Each structure stands twice: as structure tokens, then as C-alpha cells.
Amino acid sequence: MPESSQENMDGPYNSYRLTPLLRRYTQSTNFYSPLKAFCTDENMAECISFLNEEMSLLGFPLLCPESGASRGLDVVALLNSMHALVQQHRQVLRTVENLETEQLRAASDMEYQQLSHARLKEQFELAKRENGRLQERERQLHMNIKSLQNCIKNEKEEVQKLQNIRASRAAHYSHDKKRKEREYQKLKEHLNQVLVDRKDKKQAIEILNCVGRSDGKRSQWKTRKSESRHESEMYKILLNELENRQKELMTENAELRKVLQQMKKEMVGILGPKRSSLGEPRCERSADQESASEGEGDCDPGQKAIEVSCEHAREELTNSIRQQWRKIKHHVEKLDCQVSLVQVVQVESEAASNETNDQEMGRLKLEVQQCKEFIHTQQQLLQQQLISPCEEETASLLKDCYVLEEKERFKEQRRIFEEQRKNFASERQNFTEAAIRLGHERKMFEEDRATWLKHHFLNLTFTDHVTHIPKSPGLPAEYVEPDPKTLLSPVTFSDAGSVKSSATADFHQALLPQSRF
Amino acid sequence: MNFSELFKQTNQLCRLSPDGKYLATCVQYRLVVRDVNTLQILHLYTCLDQVLHMEWSSDSLFILCAMYKRGLVQVWSLEQPDWHCKIDEGSIGLVSSRWSPDGRHVLNTTEFHLRVTVWSLCNKSVSYIKYPKACQKGMDFSADGRYMALAERRECKDYISVFVCDDWHLLRHFETETQDLAGVEWSPNGCVLAVWDTCLEYKVLLYSLDGRLLSTYSAYEWSLGIKTIAWSPSSQFLAISSYDEKVRILNHITWKKIAEFEHPANISSTKAVVYREVEKCPVVVSEDLSSSQITVSSSLFNTQSKYEICQLPVQVAVLKPDPDRANPKVGVSLLAFSANSRYLATKNGCFQVLSLLWHCSGDSLILLGKEQLCLCYMETEEQK
């Protein structure tokens, strides 16, 4: 029996016996089993004394006083003690309950802790394994690195070694080569000596007769003067060459500078009107100043040449061009941005304008090409004219060929003219003969007339001779000459030979009525 | 085009006279001179041995025939066929022989390049120049024939001697900063002498006529260097071709590189025009830039070939050279400027083109192969 109380006493201190504790306790205290009754009818007094002792030990008032031999219990004390015991019991139960809950809590905490402990342990294990793996890897990589570094070192050493070997070999070979060359040189000298000394097969020249020099002059002695002449000639050649080159470079330089100036002017021109809109008056002024200063330089090419050599002027020019170019670039970039913004809206119209632009461009390009070709051919012809040194014959031929057509025409015309002249001459001849014949006939006619007149006169003298002498009515109207007397006078009645001398007079006179024929 | 009948010749010795009136050919030991227009034989000369080198004098009055085996040089005159001249180098041997620019001196290089002997036809005098260098181009005359530059080597150092061709007076003698001088070349205006180093070192040195060093140019180190150089006719540019398949152009004012031309195996530049010869006969279709490889033995008249323009990009056949052999057939080996300095013709790699020559007008180019030749006409502006 006291064993159960002993167990009960030990229970709360034993932290490992959790669950059976309350059960045991409640089992052992609440469940009243009559089989295990403590007090029976026989041992009542012992029970009372025992309980008394127990109560006194526990601090309760005695159940029955010591002095009483009677079995009379102090019921009040007994009830009080029972009540106290019950209270105590309740308290104990409460405590036990509390303890139980505490224990449960602690147990769940412990479980939780254990679980987490286990989990953490697992994690720890994993982490340890991972760590181990990584360390292994790191170790391997380190090994790798080491081995590669070793390799590199080895390679470098080998390279160095090979280079050393090569260098030493090169040195050796060159030394060897030099030695062999010296030997070879000695052999050559020796051979030369031997061959020169040999008398049997000597070198000689057999020539029928000496030939004159190619330039026809006599060869001169080699003197100091000729040597110095050679030197001076050589230096003259070098100087000429340098001067030519310098001239070329100067002209190239001048051209390039002109181009730069032009470019600068154009750039200023492009930027000029726009810059006022951008609102940078200072820059414009400075640009104008610069252009003005450069313009002054341009006016005088001689001054420009001097300016050219001045580094300050050169730097100024290049700096100003750089400035302008930067401005143009900036401007163009701005325009590009604007264009890209606007382009989205005006795609179609731009395409159309682009097409027309392209066409226009194509046409213009073609025109430019044609003009260029034309200019080129003109230039070529001009150059030919200027550069090629024509001989007089060819010059005259050239001059002739330009007027060849005209010449031909003139020749033709002359030929025609000559023909016509011949014709005229022959006609004149004919007419002369005709006139002569006419003259003859006239003469005859006149003679006839004269005779007829004479006859008539002789016939008429008796009737009316005064009226007939000055006029000859027998003559038809066409034969009335403007000067009948001159005609009559050379035509003498007696001398027929004088007609010839007057033939030219006749001819001249005969010319006049020719128009009437 | 008309062709004449075939004439015999040996050793490819067939030269037109500088004035263009005569044609000289060598057949074994005979020298035949023909008139260019009628191809009638005008003169026939007999030399003492097989002629290995034949050269006209600059005034077309004399012809030089060199017989290296016997060490003899014979000079023949066109005006007087009876005139004869024989130069015997004796036991000292003969390796090369050439005229001087005035056509009155013969320069003989003896065997082993022991010395250069200058024989005068005007006064039978002899001059000796010692220590000439045996290299790619050791002797060069300036364009106007006034000066001669000769490379010499003494005591393992290179020197250049400049002689006045008038009387062979030594004008200048100076050391060059080269390791192993490979060649000298005068500029066409006669004022600058370009000197280049051995192919183991890329170095070009430019000396003025009076021996001053004007400039040095070196593009890179260690790899094989310069193959050859060429001056432009206006003396404004110097083209340097090298083993790295590039041509670099220097300008005459600063002597710095102004252009670099590559010869890539894959041509994809849009400015390039690639002509491929296509032959109609059923053999190998050769794939070249503008010259043909050696093809069949069928005669010239049967093979019909034409050139077609290839679409870019074009892959040019490249032969990898053997790295173990010396003087690999890699790099730009031929350079030629046209007369107006407008065009530069180059040959890269191992194409079988032996020479590139421009016509004096600068409009057309002749490519000579081993068995074939090809004329290329450049587009002139009128034809555009």
C-alpha cells in the first residue's frame, strides 16, 4: 500500500513519465475499489491510529485525541480533515491538471523542437554534404589551375628555350656564314690571282677598228675637274628633281587650299541665313569676320602665298573649317530628327516627291555627265593644241584643213569663173568677128549708099540737091548711129585697108547695138 | 591577224632592235638579222660557239653575242658587216655579259663573280670592278643611262658603288644597312635607289643619288620577306611584293605605305571582275584569273576558248607549297605598272605566268605562259 503512495510521490519528479502519471493518480485516488479497502471492521483502531499519524505528519489536526482510550473519533476534526483533504485533493488535481497541460505543452514543444532539430540536422547534413562537394570541386579546380599554370610555365620555358636556341643558332650560322664567306673570298682572291698570272689563256680584246662614241664626242681624260663636274652634275639632277617635286607639291597645296576655302565659303553660305533663325548672332559675326579676313587673303594671291607658309594662317583655316563642319553636322542632325518626325505623317507625298526628285536627279545627273564629257573633250582638244609641238608643215596643214571646204568651193567657183571667162572670151571673139563683118557690110552698104547717093544726087542735082546732102533718108532707122559722122569719116570710100585699124573702134561702136540684137 | 612562217631559233634568243627596224635571232652559233617588214635576211653572222645570250646595243648599231662556255663575247656591227670584235675572257670564265646604256661598252661578269670587266669599244681599254655581288639583281643602270649602281660585298658587309657611265668614274661608295642585299633598282627619274634585303628579312632601303639614306621600310619580321619590287613610271610609287601574298605601295614623299593589296584565295570583293577561260575542247577547264594553265597539245587553231565573267565569290585554286623546300612558290612574284601609272598587274602563287608586259600606251597587257600567251585589253573611257 505505501508503494502506491511512493509511486505517487515520485511521479511529479520523474519528467519522463508523462502520461501515465495523471491516469495513475486519478486511478489510484478517484476510483474507489472496495476490494482494496483500507479499513475493515477488524482493524479500525489501527487504521485510526495510522490515519492519525498520517494527519499529524501532514499537518492536519488530529483525528482523535491521544488521551481518549475510546474509540470516539473527533468527527469535527475528521470532517475538517476530510474537507481539508478534499480541498487539498482538489488543489492537487488542479495542480496536476496544470502540470499536465504544462507537460503536454512541454511535450508538444519538445516534439516540435525535436522535429525541427531533426529537420535542421538533415539540413545541416545536406549543407555539410554540399560544402564537402564544393570544397572538393574547389580543390579540383585549384589543382587544375595549378596544373595549367605549370603547363604555361613549361611552355614559356620551352618557348624561351627555343628562342634562345634559335638565337644561338642564328648567331652560329651567321658566324659560320661569315667564316665561310671569308674563306670563299680568300679562294676567290687566290683564283683571281692564279688566273691573272696565267700566261697561256689571257683575256684580250680583238677589235677590227675602234668605234666612235655614241654621242660623237671625244672621250676626255679623267681629271679632278671631270670628277668635280660629275659631282656637280649629280647635284644638279637632284636639285632639279627636288625643285620639280616642290613645285608640284606647292601647286597641289594651292589647289587644295582653294578647295578648302571654297568649301568653307559654301558652308558659311549654307549656315549663314539659317543661323539667324537659330539665333546665334555672335557666331555669325565671327564667321563673317573670318570670311572677311579670308576674303582679304583671297584677293591677293601673292599675299596668300606668304600667308600659306605661316602656320598660324593654316591652323586658322583648318580650325574654321572644322568649326563650320561641326555646325553643319549639328544642323543636319537636327534636320534629320525633324524629318524623321514628319516622315511618318507624310510618307506618300514624300514618296511621290521622291519619285519626282529621283527623276529630276536622274535627268540632272545625265545632263551633268554630258556636260562633263563635253568639257573633257574640249579640254583634251585644247591641250592638244597647246601642248603638242607641231612642225610648220603640220601646222600649216592643220590650218589648211579647217578651210578646206571653203577652198574647194572657191576652187570650184574659180573653175566655173574661168569657164565663163573663156566663154565670154570666145563670145567676144565671135562678136568681134561679127562686128568686123558688120563693119565690112556696113562699109559695103555705105559704099553702095554713097554710090546710090551719088547717083541720086547726080540725078537729083538738077532738081533739088540742097535738102538731101545732110540727111540720108535711104538709111533705115536702126542704122542711124548716134554719131554718123564718126562712122562716115573712118569709112573712107577709097581706102578699104583702114577698116582694120578701126576695127576696135567698130567693135566698141558695135558693142552698143549688140544689146539690140 | 596574219602569221608569218616559222623561223628557227635556239635558247629563246629572239630580239627586236630598239628602233624597231630589225629582228635578230640566234640559231645555234649563227646570228640572223632580218628586216622587220619584209622578214628578209639582211645579215648573217657566224659566232665561234653556241650563243647563250644576245643583246642589241641601245642605238641598234651593234649586237652582242655571248658564249659563256668558252668565255667569249662577239660583237657584230650592222652598218659594216665586215667589222668584228671578239672579247676573250680567258681562263677567268664568263657568267654574264651585257651592254652599257651608251652602247659602246661591254660589261662582263666573270665566273664566281670574281670581278666585272668593262671593255670599251671606243678605245680598247679595260676597267675592272672588284667584289661584285652575286644576287637577284646586283647591277642596275639608271633610266637615262648616266649612272650605274653595283652591289658589292666585302668582309661580310654590303656596299653599293655608283659609277658615272660616261667614263666609269666612281661617284659614290657607301655601305648599306642590309644583312644580305638581294637587289638594287633605280627609280625612273634617276634620283632614288631602292635596295632590298634577302628574303629572310623584310627590308627596303631608299638611298638618294648622292648616297644618303632617305628612308627604311619594313612591314614585318621573321616571315619570308620581299620577292620583288617595281617603280611606277612616274617615280611616285614603289610597289613591294612579298611572300605573304600582299603588295604594299609606298609613296615618294613620305616613303610610308599608302596602300596594301591582298590576294585572297576567296575573292569576294564587289569591285573585282574575274575572268575564267573556258575551252570548248573536252579537256580540263582551267580556272585562272586571266591566263591559262598548260593545256592540251592540240594546235592553237583547233582549241576554241573564250573568257567568261564569273559570279563572285570565286574560289581560286591554291597549291600549298612544300614547307621543307627553299624558295617556295608562294607570294607575289611578278609586278608590272602600266605606262601611265594607272594600273598595276600582279601575279600571285604558282600560276604558270612567266612574264607580264604592258603595252606602252597602258591600255593592254600581255601575259606570257610557258606555251601560251594572252592579251588583255583594259576598258578605256571611250568604250564605257
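1. B:Val273 lies in the loop of chain B that runs between strand E25 (266-267) and strand E26 (275-279), where strands, as well as helices, are DSSP runs numbered from the N terminus (helices H or I with at least four residues, strands E with at least two). Together with B:Tyr275, B:Tyr307 and B:Ile309, B:Val273 forms a nonpolar patch on the surface, and the four residues have about 390 Å² of accessible area together. Patches are made of residues with over 30% relative accessible area and no salt bridge, like charges being joined within 9 Å and nonpolar side chains (Val, Leu, Ile, Met, Phe, Trp, Tyr) within 5 Å. Accessible areas come from the Shrake-Rupley method with a 1.4 Å probe, and for residues only the protein chains shown count as cover.

2. This is a predicted model, in which local features need pLDDT of at least 70 and side-chain atom pairs count only at pLDDT 80 or more, whereas totals for chains, interfaces and linings use all residues. Residues are numbered from 1 along each chain as its sequence is written, chains are lettered from A and ligands numbered from 1 in the order in which they are written, and side-chain values use heavy atoms, with hydrogens and water left out.

3. A patch of positive charge on the surface brings together A:Lys178, A:Arg182, A:Lys186 and B:Lys157; here Lys and Arg count as positive and Asp and Glu as negative, while His and the chain ends are not counted, and the place of a charge is taken as NZ of Lys, CZ of Arg, CG of Asp or CD of Glu. Helix H4 of chain A (residues 75-197) gives the most to this patch, with three residues. A:Lys186 is found in that helix and is exposed, with a relative accessible area of 61% (buried means under 20%, exposed over 50%, and partly exposed in between, with a 1.4 Å probe and protein chains only).

4. Over all chains the structure holds 31 salt bridges, each being a side-chain nitrogen of Lys or Arg within 4 Å of a carboxyl oxygen of Asp or Glu. In one of them, A:Arg415 pairs with A:Glu412, with the closest N and O atoms 2.1 Å apart, a value that a reader may wish to look at in the model. A:Arg415 and A:Glu412 are separated by about one helical turn, because they are three residues apart in helix H11 (residues 404-460) of chain A.

5. In chain B, B:Asp210 forms a salt bridge with B:Arg212 at 3.2 Å between the closest N and O atoms; B:Asp210 is buried at 13% relative accessible area, whereas B:Arg212 is partly exposed at 44%. B:Lys246 and B:Glu260 also meet in a salt bridge (3.4 Å, N to O). This pair links distant parts of the chain, 14 residues apart, with B:Lys246 in strand E23 (residues 246-251) and B:Glu260 in strand E24 (residues 257-262). Salt bridges that share partners also join A:Lys177, A:Glu181, B:Lys133, B:Arg153, B:Asp158 and B:Asp180 into one network.

6. How many disulfides are there over all chains? The count comes to zero, a disulfide being a pair of cysteine sulfur atoms within 2.5 Å. For B:Cys47, the closest cysteine sulfur is that of B:Cys65, at 3.9 Å, which is too far for a bond. B:Cys47 is buried at 5% relative accessibility, and A:Cys371 is partly exposed at 44%.
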